[in-house]
Amino acid sequence: MQVTPYVYRHHIDEDVESFGAMHPGGSNIYFVGDPADRMSIVDTGEHYRDWTIGILDYYRKLSAPPTLCILITHGHGDHIGGLDRIQEATGAPVRCHPKLAARLTKMLGPRVVQPVADGETISLGGGASVVALFTPGHEDDHVCYWMASDGVMFTGDTVLGSSTGTVRNLGDYMRSLDLLAGYNPARVLPAHGDLVDDGASRIRSYIAHRKEREQQILAALKKGITDVYQIVDDIYPRDLRRNLREAAARNVRTHLAKLVEEGRVAEKAPAYMLKS
Ligand SMILES: [Zn+2]
């Protein structure tokens, strides 16, 4: 489906009962450019035969235009899974963060992978171009792509359509969100979930949400709470489901790691005891 003058979206629904729980709202593969001229592809999905067949069917529906490049947002399996077969079918060079280049070269062979530079303008075909923005946080090798002509930001997993994502380094992540907000995108095109109209306000709400969480955690510490699970009990609803409680604890740890990195919170060595 065409979503902007230059962007076509191939959406993959996911079964909510199985791994779909990992990707609320399914996954998106984008084709960018002009089907009558040349195009490029953003991300290549999970390593499932069904997914790859679907992506290549869509490519043929767009009349299989010459492909200038395959852009990768980051090296997680649900973004580079179909890469070997899609690269073979299109013959296109693969563009990704330099930190991911060695791994993808091992997978695809020499002379296929060309790392992008931060701030590089990349032509995608038919007059379309994007600027690569290094945006660590969700993962060290994450790149977002800004398309000024259509006012859209390809956010990969940094901003999602139907949920909030996981974060490896929260300090980096907040800096990346600030960077994205500065472009004031009209629309956010995420790797998972719905397309986001009023993208800039979604990004700002992500920032506000994380800052609020940080304040809550600092308040819990001020009360003298020192244990991650007790912090979870203090700031999350009491009836939090068990699997969500683990996710909440991971989130609290991510925040604490940022506060420790900033020198605002001290961490003492863990204590060990025999299990009763
Ligand atoms: Zn993902």
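Start with the sheet: select β7 through β12. Six strands form an open, mixed sheet in the order β7-β8-β9-β10-β11-β12. Strands here are DSSP E runs of at least two residues, helices are H or I runs of at least four, and both are numbered from the N terminus. Two strands pair if DSSP finds at least two bridges between them. β7 (121-125) and β12 are the edges; each has a single partner strand, so one side of each lacks a neighbour in the sheet.

This is a predicted model: local features need pLDDT of at least 70, side-chain atom pairs need 80 or more, and totals for chains, interfaces and linings use all residues. Residues are numbered from 1 along each chain as its sequence is written, and side-chain values use heavy atoms, without hydrogens or water.

Next, select 143-147 and 152-156. These are β9 and β10, antiparallel and joined by three bridges. Met147 stands opposite Val152 in β10.

Asp78 lies in helix α2 (residues 77-80), and His192 in the loop between β11 (187-190) and β12 (196-197), 114 residues apart.

Finish with Cys96 and Cys144. Cys96 is buried at 0% relative accessibility. Cys144 is also buried, at 0%.

Notes:
Buried means under 20% relative accessible area, exposed over 50%, partly exposed in between (1.4 Å probe, protein chains only).
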